[in-house]
Amino acid sequence: MNLNLSQAFKALAFSVLLVSVLVTKVTAADESSYSSITSSPDTSLTTTDSTTTGSTATSSISVSKFNSDSLIVEDKSRKRSIPVELYYPLAEFNCREASLCPVMILSSGYGLLHTEYQFISQHFQQRGYLVIAVRHELPSDPPLSRIQPFAETRHENWQRGADTLNFIQHYFSEQYVTSQYLNQKLSLADSSSYIAEHFDFKHITLVGHSNGGDISALLANTGASNIDNKVDYISRIITLDHRRVPLPRDPAIKVLSIRASDYPADTGVLPSEGEDASNISVIMIDGSRHNDMNDYGPKWLKDKILSLIDDHMQI
């Protein structure tokens, strides 16, 4: 009897341990709370029908057509190895110098990987974009500060991210064909060809979730630390519930800020009533959560986000 009880107890303990291993915890993109993820992210492909505003339909495009490359880009000036994922436009767009394909640079929320926003990356591959998803936080970086005022305590993180985005823009537009890149590419059997001159790096769209949106906004507002002036290649910024850095009021930059309904933004981040900020659109999604604006979120929310972005892109 005692032996059977001991065996039962061990079996129960093993079951609990197994469940705890299977449950993956993803840090909230900005807050200290956690969301438990018990399954893989839903990356089923959906797209907004371009002929019918607001309607959605499941894409019939095969996942195998969505070529992407995982690369490590070396910023030698900062001794920083930057993981990026390149999502190439579908082949039928035939990007070339006479018909440049647009470029999007995507920044993830804090604690999430740059590859956990494929619902956006693959969606824009279907629309002819080169999407460069950037991982900002490295194991050697200090943790994001939880101490107020964030404008001061998190500035180092935001500036480091802004410098990374600026480096990525220059690297992929001017210095991309390097021995490092070629050596990596040789090991990628189904890789797409890349020619920098076939993409429009002078009119980039930045997309950022939470802390990634703060980084994008800072780059547009103040530029990188190694330049004297603001950058001049940002044509559009889309933030998914970023909360700390004021949106750029520059009329030359079109801005869409999609808001979740569970956390407010800090004072001054969004335009106030009566403020002249005609370049900025702010849209809240009722019933949405800050932590769900990624591949792990519900399908209805991802579909709504893509629909709002598509509508905004028509402006």
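Visitor: What makes you describe helix 6 as mostly covered?
Guide: In this predicted model, 10 of the 12 residues of helix 6 are buried. The buried ones in helix 6 include Asn-211, Ile-215, Leu-218 and Leu-219.

Visitor: And what do the buried residues of helix 6 pack against?
Guide: They pack against strand 7, helix 4, strand 9 and strand 10. Those contacts rest on heavy atoms within 4.5 Å.

Visitor: How do you know that the span of helix 6 is close to what is expected?
Guide: Helix 6 covers residues 211-222 and reaches 16 Å from its first C-alpha to its last. Just after helix 6, Gly-223 has a positive phi of about 85 degrees.

Visitor: Let's turn to strand 7. Is strand 7 mostly covered or mostly open?
Guide: Mostly covered: six of the seven residues in strand 7 (residues 101-107) are buried.

Visitor: How do you know that strand 7 pairs with strand 9?
Guide: Pairing needs at least two bridges, and six bridges join strand 7 to strand 9, with the strands running parallel. You can find the place on screen where Pro-102 stands opposite Asp-200 of strand 9. Strand 7 also pairs in the parallel sense with strand 8, over five bridges, and there Ser-107 faces Val-134.

Visitor: What do strand 7, helix 2 and strand 8 make together?
Guide: A right-handed β-α-β unit, with helix 2 at residues 118-125. The hand is right because the path from the first strand over the helix to the second runs clockwise when the strands point away from the viewer.

Visitor: Why is the link of Cys-95 and Cys-101 called a disulfide?
Guide: The two sulfur atoms lie 2.0 Å apart, and the cut-off is 2.5 Å, so the pair qualifies. A search of the whole structure finds one disulfide. The link is left-handed, with -90 degrees about the S-S bond.

Visitor: What makes Cys-95 count as buried?
Guide: Its relative accessibility is 15%, and the limit is under 20%, so Cys-95 passes. Cys-101, at 4%, counts as buried too.

Visitor: Why is the contact of Asp-75 and Arg-78 called a salt bridge?
Guide: Their side chains come to 2.7 Å, N to O, and the test asks for a distance within 4 Å, so the pair counts. Asp-75 is buried at 3%, whereas Arg-78 is partly exposed at 28%.

Visitor: What about Arg-289 and Asp-292: how far apart are the closest N and O atoms?
Guide: They are 3.0 Å apart, and the two residues form a salt bridge. Arg-289 is partly exposed, with 42%, and Asp-292 is buried, with 15%. Elsewhere, salt bridges that share partners join Arg-80, Asp-141, Glu-156 and Arg-160 into one network.

Visitor: How many salt bridges does the structure hold?
Guide: There are 10 salt bridges.

Note on methods:
Residues numbered from 1 in each chain as written. Predicted model: local features only at pLDDT ≥ 70, side-chain atom pairs only at ≥ 80, totals over all residues. Heavy atoms only, no water. Buried < 20%, exposed > 50% of the residue type's maximum accessible area, 1.4 Å probe, protein only. Helix = DSSP H or I, 4+ residues; strand = E, 2+ residues; numbered from the N terminus. Expected span 1.5 Å × (residues − 1).
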